[in-house]
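Good morning, and thank you for coming. I would like to take you through the structure on the screen.

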Amino acid sequence: MKNISKKQKIILALIAIVIIVGTIVIYTVGFNFDLKYQDTKKLELNIQKDFNISDIKQITDEIFQGQKVIIQKVEVYEDAVSIITKDISNEQKTQLVSKVNEKYGISIDNENTTIGTIPHTRGRDIIKPYIAPLVIITIIILAYLSIRYYRLNSAKVVIKSIGIILLLQILLFSIIAITRIPVGRLTVPMVIIVYLLTLWGITTKFEKNLLNVNNEEKKKN
Amino acid sequence: MKKVKILTIVLAIILITMISFVGVYVNVQNRMENKVKGYSYAMDIKGARVIRLKKSEGTKTIVKDSEGNQVEDAENLTDEELNEKGYTKENIPENAENILSIENYKKSKEIIENRLQKINEETNKINKQFNLEENNFNYNIALEESTGDILIEIPENDYTDSIVSNIGTVGKFEIIDSETKEVLMTNEDIKTSNILYGSSSSTSSSGTLVYLNIEFTKDGAKKLEDISNKYVKTTENAGDSQENLDENSESTENTENNETTTEKKITMKIDDEEIMSTSFDETLRTGKLQLSVGTASTDSKIVKGYADQASNMAIVLDVGNMPIKYNVEENKYVLSDITSNILKIVEYSIIAISVIALIVLVVKYRLSGLLGVFSFIGLASIFSLIIRYTNVILSLEGIFAIGLVLILNYIFVNKFLSKLRKSENSVWNVTKETYKEYFIKLVPVIIAIVAFCFVNWSPISSFGMVMFWGIVLIAIYNVIITSSLLSIKAKN
């Protein structure tokens, strides 16, 4: 059995703690999903003239104090705005319509403006398209690693690689859950980058081991 | 002379950097226009078509006989005719109360998702057939369980409207007896459906013909065989078997030849709309039914149109019918909340981080570091142009990939300079050594990147393509520029 240094023991213990805490957080509180993927309310206002998102943001900041808001321009002429936030009360709607009317000198009818609902996107629906490609690609890469590093024992190489890839992905999700980083559009790029960096790290380590094995053999001969 | 060489390369790099980051402006109709191509963005940055499907709350009128059985094809009868026959009209909801359940909402969402995936696959197959560019596709889908509303986001392109018009189709398939209206086959009998191409060289039309190919299940194939055996056009001598003719069959008498043509027809319906009414010339034993869509043509645009039409039908039949009828309630193009200002902030952040990293390089390696910095800037500029001119669709993942490529190049340059400082070998030997060490470790990453390029999901393919061009550029550029610059400097 390979000796583990004190430093490595501390790192492993820290990883274990993060994963345990992360798993508890995921199963009890769950992930903190980005507003785009939550159940939200939407207001659409037809301003009928050019407007700046920053001006609308100023108005929404006043009305939805501290609430996260998504502001998007609608349709090709970009003269309508869609405002999405966690919740919109009738009072907030009235304030918003009145402030937008005031700002742009228009007369949007508050009565005819309805608050729409947007359903949440399930986490599994976000990750579903990525699972099959990543699994297939990992299998191909494992096949390559087992051939390239057969001198290090192919089975060990494959098991180690799978273990490290899974461990680091679980670690990433645990950190996301603990730190409450919103799960959203940036999550998938993070997963892919960690995946590629893991592959790079694994290969670097195996290359080093292979070099050592080759050097030892040269010495023997 | 060597200084001149270095200066020439550096000036070339500055020129490319100016073209890439500032642009080439030409006076067009009294205004300055940048002739350098812009980036193509994916749905998450450009914007998306947002479609809300709402369950139909409409009603349909049906006609019932005196015993309460539904009578088909009686919609055109007048009230008097209905009274005469003892029929009554009734308004019923298009979606019966008992089918509006969460299970059916979820099933409908699943079917729409399968259709979207299939649309992506089939569109790319058709585009490949007609040598067109691959369609970059992805979607977001969400179900509001309390109301059954389905919200879909798809990219805005040439196919969007066609997708919108087909996505909510129920997809109810029926083959019925034209006369008795007896249902002979349904969606349950379909195994798969796709499109096929054939050629026609008849005198009336020649060229490529598009077929909708429906493959039936084992039971379906048996039914089709029976139907194709029964619903045929027969010609018999009058008087021979007149008394044996089915009362539902159509018959015409050719008095000159004293022959009677009897034709028993089937009607194919999709979503209760009649697609065709026909009889069979021969018994179908293969369990496959091929229906021509449109006419034969040599014009690829026309053939592609028929192929798209047939493909839409094939997808609806292949994926299965939806338990609930939906209507498109909202259909709007909504721009992304990632505005150009946010993209500029990202760009400046990347530049700021790069500047800090490059200063470190100069401090660490002095003149060699400075040449490494010029080389790095040159690579970033060429990389930016390559992404634009190879039509890579940039998604958020693609932007992350740009950052990753720049980091990988920085690591390469740093490694190269470090080796060069320590080694007494020639620059060329150090280059070879660095390349071998660096790229051997990247092989699994390169495998993953190449595979990403072929994934039919634009966020992944965008990441893959950006990374692919980045790695290719790191491999080619550094051997030509970085190595040359440092080689000239070493000789100096």
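**Charged patches and salt bridges**

I begin in chain B, where Glu84 (B:E84) sits in helix α3, residues 79-85. Please bear in mind throughout that this is a predicted model. With a relative accessibility of 71%, B:E84 counts as exposed, since the cut-off for that class is over 50%.

A:K156 is in helix α5, and its relative accessibility of 54% makes it exposed.

Chain A contains six helices and four strands, in the order α-β-α-β-β-α-β-α-α-α along the sequence. Its radius of gyration is 26 Å, whereas a compact globule of 221 residues would have one near 17 Å. The C-alpha trace spans about 90 × 35 × 25 Å along its principal axes. Of the residues of chain A, 40% count as buried.

In chain A, the side chains of A:E62 and A:K99 form one, at 2.8 Å from N to O. A:E62 belongs to helix α2 (residues 53-63) and A:K99 to helix α3 (residues 90-104), so this pair ties together parts that are 37 residues apart in sequence. Both partners are partly exposed, A:E62 at 45% and A:K99 at 31% relative accessibility.

In chain B, B:R49 pairs with B:D161, with the closest N and O atoms 3.0 Å apart. Here strand β4 (residues 47-55), which holds B:R49, is linked to helix α5 (residues 160-167), which holds B:D161; the pair therefore ties together parts 112 residues apart in sequence. Is B:R49 buried or exposed? At 8% relative accessibility, B:R49 is buried.

A further bridge in chain B joins B:E122 and B:K118, the closest N and O atoms being 3.6 Å apart. These two are about one helical turn from each other, because they lie four residues apart in helix α4 (residues 102-129). B:E122 is buried at 7%, and B:K118 is buried at 18% relative accessibility. Finally, salt bridges with shared partners join A:K42, A:E44, B:R52, B:K54, B:E144, B:D149, B:E330 and B:K332 into one network.

Note on methods: Residues are numbered from 1 along each chain as its sequence is written. Chains are lettered from A and ligands numbered from 1 in the order in which they are written. This is a predicted model: local features need pLDDT of at least 70, side-chain atom pairs count only at pLDDT 80 or more; totals for chains, interfaces and linings use all residues. Side-chain values use heavy atoms; hydrogens and water are left out. Buried means under 20% relative accessible area, exposed over 50%, partly exposed in between (1.4 Å probe, protein chains only). The radius of gyration is taken over C-alpha atoms; the globule rule is 2.2 Å times the number of residues to the power 0.38. A salt bridge is a side-chain nitrogen of Lys or Arg within 4 Å of a carboxyl oxygen of Asp or Glu.
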